[in-house]
Amino acid sequence: MRVKVVCVGGGPAGLYLAILLKRQDPSRDITVHERNPQGSTYGWGVTYWRGLLDKLQAHDPASARAIEEHSVRWSDGVAHVRDLTTRHHGDEGFGIGRHRLLDLLATRARALGVRLEYESELTEPPAGADLVVAADGVHSALRTRRAAHFGTRITSGRNPYIWLGTSKVFDAFTFAFTETDHGWIWAYGYGYSGDHSTCVVECSPETFAGLGLDRADEGEGLALLEKLFAGVLDGHPLTARSGASWQTFRTLTNETWQDGNLVLLGDAAHTTHYSIGAGTTLALEDAMCLADALRAHAALPDALAAYQRRRQAELLSVQSAARYSAQWYENLPRYVHLPPHRMFALLGQRHSPLLPYVPPQLYYGLDKAAGRLEALRRLKRWLGPRAARALHARAAARRD
């Protein structure tokens with residue numbers, strides 16, 4: 001019997017899953033439905049690291065090669081704080097335009113025999129499909145209609161942010177922190193092609209209102225941001241996609257990822273704060289895990305259960321890191337007055353559950369010492385989660 005698979009959503013997760021499933025069994029009937037026209041996409045560039053590239057190579061060398069060839073790379077991080085700058089050498093990172101990534105994956109999927117249907121929106125699982133994959137993003141229609149079954153929970157972050165682009169090509173992953181009369185505002189910038197970079201701008205709600213960004217139209221807002229970040233933009237403009245607006249990040253989780261032959265994938269199943277730069281990586285890893293589970297288990301319920309069990313376990317540490325990362329920026333005044341090299345060091349430690357509870361200068365000293373002594377490194381790894389749980393429980397008890 002020919003197995004029929006329908007992927008709803010033509011983002012990285014849906015396209016890559018279709019590629020992997022078609023490679024496993026060319027006889028599978030696989031269709032990807034995308035509600036938007038071909039070639040239209042939101043966002044600018046996405047980031048990833050060598051670890052993802054290694055996994056892509058293991059699962060489909062052809063698409064891995066294409067993605068690497070069309071990516072830019074960097075190995076430094078730069079932080080600009082007021083008029084001071086510090087640069088650190090780190091792990092190799094990669095950037096690729098979202099439009100380019102989708103084009104590469106779509107081309108590979110078609111070459112394998114996957115059907116791609118654009119301007120095709122499905123809000124209900126189609127009849128006759130053996131497997132329906134909801135890869136239609138954080139606003140997934142398929143998931144929303146069954147939110148009670150999936151146990152969907154959405155929490156909004158505190159800080160407003162906006163996703164922009166610029167013709168300034170950053171040669172490193174760049175952070176810029178600017179102090180205003182209304183508080184701090186900051187940007188994350190990284191290249192994704194030879195002529196463009198992504199620039200994400202964030203600030204506290206108080207700074208957002210104080211600067212008038214809540215009332216400014218698109219042109220006024222971009223002009224103000226260009227002025228505030230003139231030191232890193234070097235005269236290059238900021239640009240916004242049509243319909244881009246300030247928003248707060250929505251963290252989404254689901255208790256279960258499956259309902260009969262319907263399964264959630266990527267942002268439809270989970271989101272993690274953009275400050276850890278892992279959204280696309282996690283979506284592609286979902287696709288790898290689901291494909292592996294379908295190969296290992298003949299019965300669909302067993303495969304979907306194995307996929308959910310493994311991915312939810314793997315995501316625990318990433319979701320924790322994302323929460324602490326978002327909190328670090330929400331509590332920026334706690335760190336921003338440190339010397340820039342120390343602040344940048346703690347920026348790199350923002351995923352730590354211990355950092356919010358230890359004075360920043362003391363944490364910096366302990367972390368530096370731990371880097372020299374293995375015994376202290378082990379103590380830090382052991383103590384961090386335990387101390388954080390105890391302090392978090394104490395704070396919760398005080399609130400009650």
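Begin by selecting residues 129-313, where UniProt, in an unreviewed entry, places the feature "domain: FAD-binding". The model on screen is a predicted one. Coloured by secondary structure, the chain over residues 129-313 is 33% helix and 31% strand.

Next, select helix H3, residues 61-69, together with helix H4, residues 98-112. Two packed helices are described by the angle between their axes and the distance between the axes. Here the axes of H3 and H4 come within 10 Å and cross at roughly 155°. Angles over 145 degrees count as roughly antiparallel, and H3 and H4 are therefore roughly antiparallel to each other. The crossing of the two helices is right-handed.

Now display the side chains where H3 and H4 meet. On the H3 side, select Ala 62, Ser 63, Ala 66 and Ile 67; on the H4 side, select Leu 101, Leu 104, Leu 105 and Arg 108. Sorted by class, this contact between H3 and H4 comprises six nonpolar residues, one polar residue and one charged residue.

From H3, step back to Asp 60, in the loop between helix H2 (50-59) and H3. The side chains of Asp 60 and Arg 23 form a salt bridge, with an N to O distance of 3.4 Å.

To finish, widen the view to the whole structure, in which a search finds 23 salt bridges.

How values were computed:
Residues numbered from 1 in each chain as written. Predicted model: local features only at pLDDT ≥ 70, side-chain atom pairs only at ≥ 80, totals over all residues. Heavy atoms only, no water. Axes fitted to C-alpha atoms, helices over the stretch in contact; angles between N-to-C directions. Helix = DSSP H or I, 4+ residues; strand = E, 2+ residues; numbered from the N terminus. Parallel < 35°, antiparallel > 145°, perpendicular 65-115°, else oblique. Left-handed = near helix turned anticlockwise from the far one by under 90°. Contact = heavy atoms within 4.5 Å. Nonpolar A, V, L, I, M, F, W, Y, C, P; charged D, E, K, R; others polar. UniProt positions renumbered as here; feature names shortened; annotations may be inferred. Salt bridge = Lys/Arg side-chain N within 4 Å of Asp/Glu carboxyl O.
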